[in-house]
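This report concerns a structural model with more than one region of interest. Please consult the sequence and the coordinates while reading.

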Amino acid sequence: MGRRVGLEGSFAVAEAVRMVNTDVIAAYPITPQTHIVERLAEMIADGELDAEFICVESEHSAMSACVGASAAGARVFTCSAGQGLELMHEVLYIPSSMRLPVVAVAANRALSAPLSVWCDHSDAMSLRDIGWIQMFAENNQEAFDLTVCAYRIAEDVLFPAMVHIDGFFLSHVIEDIELPADEEVSDFVPEYEHPFVLDPDKPVSMGCYAPPFIYPETKKAQEVAFEHTEAKIRAVWDDFGRTFGRYYSPVEQYRMEDARVALLTMGSFGETAMLAVDELREEGEDVGLLRLRLWRPFPFSEFRAAVRDIELLVVLDRAISFGMGGPVCSEVRSALYHIHDDDKPDVISFIGGLGGRSIPVDGFKYMIKRAQERVSEGEAVDKPELFGIRE
Amino acid sequence: MEEGLFIPQRVTKEEIFTPGHRACIGCGEALAVRLVCKALGKKVIIANATGCIEIISSLLPRTSWRVPWIHTIFENVGAVVAGIESAYKARIRKGKLPEAAKEVKFVGFAGDGGTADIGLQALSGAMERGHDFLYVCFDNEAYMNTGIQRSSATPYGAWTTTAPVGAKQPLGQLTWKKNMPEIAVAHRIPYVATGCPSYPLDLMDKVRRGLNIEGPAYIHVLSPCPTGWRSPPNMTVELGRLAVETGVFPLYEVVNGVYRLNFDLPELKPVREYMKHQGRFRHLSEDAIDQIQARVEEDYARLRSKAGL
């Protein structure tokens, strides 16, 4: 039977890693990810989890050790943030190209310089092309649920999976969540056998060298397989819903019925944005909220369906692509590109919440109203507005 | 075999690193890998850094490896092998693998760049944490795979494409070779050794010792490279011998901190004997060679004293 407990997002993730009976954890400390690894280290010290904990000397080695362990058939875990993910970056392409189901959690953090340990999505946005399944949690319950699902998904499709949780906003905040019983989780994520492991009885060569005559075919194979993961992700989330009563989908909709305007967010901002939508609805505005949960593979069809009937889409990015604008907004616009102008919403871009700056309910209301003004005034809509900057 | 002659078989005929790879003619590293693999046997998993050996042995869709082998990137072999070893440890303990899997040994292969330069951190971490693995550095004294660029293991005075010999800078490499075995010793791991394919039985014995000792083991193998050293391909084995006989590359072991010289030479041959066959040293003045001679003698004397001689 499940139980309700107050848990930090970090501890919720650690519980998920414990309940799926992870074999090898390799991690290097970085704020705001540290509570996850500290809790896992405690669990191992207390005998609650039987795993090898490799206290590596860098994030680069953390992912490298996970790759080695996963190639040897182990269920593995690592977590990092900000600069740590950047140092790990080179290695992140390896498990996705070698089809290893590594699971990682990113406690999202801004990037230097100037140094900031606080949350934004700059680190996540630099990881867009690594070939991992990537999803964003909005609260601690989701941090737990999505981590459990990440193992099932990764092992079903043989691709690595990363769960993004907002640093501090989720990693360090205690929320009331429901934890299932250990057996319920281990039933949901059964033991798996990778079809090709490093085993002297059945030798394989992994990570070979590909000249031009074969490299493009390896990439085509990877892309075709990766595109097909979306159906499997939905299937695992549906099964999770049937088992645990909490349903997830690639694009979450909130009060989108009859909405004319929608705000799109990722991560923990969704909860505050909901309050803003509630207030605007009370004021008579036809506003709804979209929360992009599945980031890779990008859920094109579900996203297009979600915005089919709206006139204005307001996208809040928590990162800047310098010289380009908001990275999520760029992708959203490209997903809508081939649709005729009359059949797609105007898209207005905001960038906010950088380096841990919070956005209050009124901030989201401002953005929605300001976007409507900009469209009605015929302002150029391709330029993002940086929200809440002291000028 | 000649009639009436008995030769005990000390070297298996089985090739684990198989022929058909794409190494240059006279490659000392391919020879070293072949011998090392014979000593490793088949109950091993090898993690290989990017470099010559990876490139020549794994061109898709072919492979030269008859044991499980993984290459990922350049600088992380220490961490990859640590992950593999930890996976086996955890999975055996948790009953996910049979007890028989305890026989499996874990090995890291890298060149001098992948060891002494870019891979030093990952290797140091793995040695410090005490994983049970053998690491073999195949040292051909430069980045040969990318075209003979200098590494921290390139010897003083050697020409390379990034330490070229010019009118203003007539020396080539201006720094002395980083002493990787001593860095391994400083981690207080149970086994450190140097080896050379010119001494095949010595090399293979060391591999077996390193493999069977519990904890990290490090073997540094000098691998003559005709392409990068500008030496005749048929002199590879001879050059390895001369490196040892001149004291340029002494063969020794450090077992639990105790030094032992495998070949203590009453008199070292002059370094000229070793250097004169190599185009990479051709530009050196008599003074520069004398300077190298003095340094080799000093280092050799220091090593002898560590070995209690």
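The sections below describe domains, chain contacts, helices and local backbone features.

## Basis of the model

The structure is a predicted model. Local features are reported where pLDDT is at least 70.

## Domain arrangement in chain A

Chain A is divided into domain 1, covering residues 3-244, and domain 2, covering residues 251-386. Between the C-alpha centres of domain 1 of chain A and domain 2 of chain A there is a separation of 28 Å. In their contact, 27 residues come from domain 1 of chain A and 21 residues from domain 2 of chain A.

On the side of domain 1 of chain A that touches domain 2 of chain A, at least two residues each are supplied by α5 (122-125), β6 (133-136), β7 (161-166), α8 (215-227) and α9 (229-244) of chain A. The largest share, four residues, is that of β6(A). By class, this side of domain 1 of chain A has 13 nonpolar, eight polar and six charged residues.

## Contact between the chains

Chain B brings 42 residues into contact with 39 residues of chain A. On the side of chain B that touches chain A, β1 (44-48), α2 (52-57), β2 (69-71), α3 and α5 of chain B each contribute at least two residues. Helix α3(B) gives the largest share of this side, 13 residues. The residues of the side of chain B that touches chain A comprise 23 nonpolar, 10 polar and nine charged.

Two residues illustrate the contact in detail. A65(A) belongs to helix α3 (residues 59-71) of chain A. A65(A) is buried because 35 other C-beta atoms lie within 10 Å. Apart from neighbours within four places in sequence, A65(A) is in contact with A26(A), I54(A) and V56(A) in chain A, and with A79(B), V80(B), A82(B), G83(B) and S86(B) in chain B. A65(A) and A27(A) are 38 residues apart along the chain, and their C-alpha atoms are separated by 9.1 Å.

From chain B, S58(B) lies in the loop between α2 and β2. S58(B) is likewise buried, with 24 other C-beta atoms within 10 Å. S58(B) and A217(B) are 159 residues apart in sequence and, C-alpha to C-alpha, 26 Å apart in space.

## Helix packing in chain B

The axes of helix α3 (residues 77-93) and helix α5 (residues 120-129) of chain B come within 6 Å and cross at roughly 40°. V77(B), G78(B), A79(B), V81(B) and A82(B) of α3(B) meet A122(B), L123(B), G125(B), A126(B) and R129(B) of α5(B). The contact comprises seven nonpolar, two polar and one charged residues.

## Two helices of chain A

Helix α11 (residues 300-307) of chain A has F303(A), A306(A) and V307(A) as buried residues. These buried residues fall within an arc of 85° when seen down the axis of α11(A), so they line one face of the helix. An α-helix has 3.6 residues a turn, so residues three or four places apart point the same way. The face of α11(A) turned away from the buried side bears the exposed residues S301(A) and A305(A). Packing partners of the buried residues of α11(A) are β10 (251-254), β11 (261-265), β12 (287-292), β14 (312-317) and α12 (327-336) of chain A.

In helix α1 (residues 9-19) of chain A, 11 of the 11 residues are buried, so α1(A) is largely enclosed by the rest of the structure. Among the buried residues of α1(A) are F11(A), E15(A) and R18(A). After α1(A) comes N21(A), with a positive phi near 60°.

## Local backbone features

Which peptide bond ending at P61(B) is cis? The bond from L60(B) to P61(B) is cis, with omega near 0°, and P61(B) is found in the loop between α2 and β2 of chain B. In chain A, the peptide bond from S112(A) to A113(A) is cis, with omega near -5°. A113(A) lies in the loop between β5 (103-108) and α5 of chain A.

F168(A), although not a glycine, has a positive phi of about 65°. F168(A) sits in the loop between β7 and β8 (174-179) of chain A and counts as buried, with 21 C-beta neighbours inside 10 Å. N256(B), also a residue other than glycine, has a positive phi near 50°. N256(B) occupies the loop between β7 (252-255) and β8 (258-261) of chain B and is exposed, with 11 other C-beta atoms within 10 Å.

Conventions
Residues numbered from 1 in each chain as written. Chains lettered and ligands numbered in written order. Predicted model: local features only at pLDDT ≥ 70, side-chain atom pairs only at ≥ 80, totals over all residues. Buried ≥ 20, exposed ≤ 12 C-beta atoms within 10 Å, placed from the backbone. Arc of directions from axis to C-beta. Contact = placed C-beta atoms within 7 Å. Axes fitted to C-alpha atoms, helices over the stretch in contact; angles between N-to-C directions. Nonpolar A, V, L, I, M, F, W, Y, C, P; charged D, E, K, R; others polar. Domains from an automatic or database assignment.
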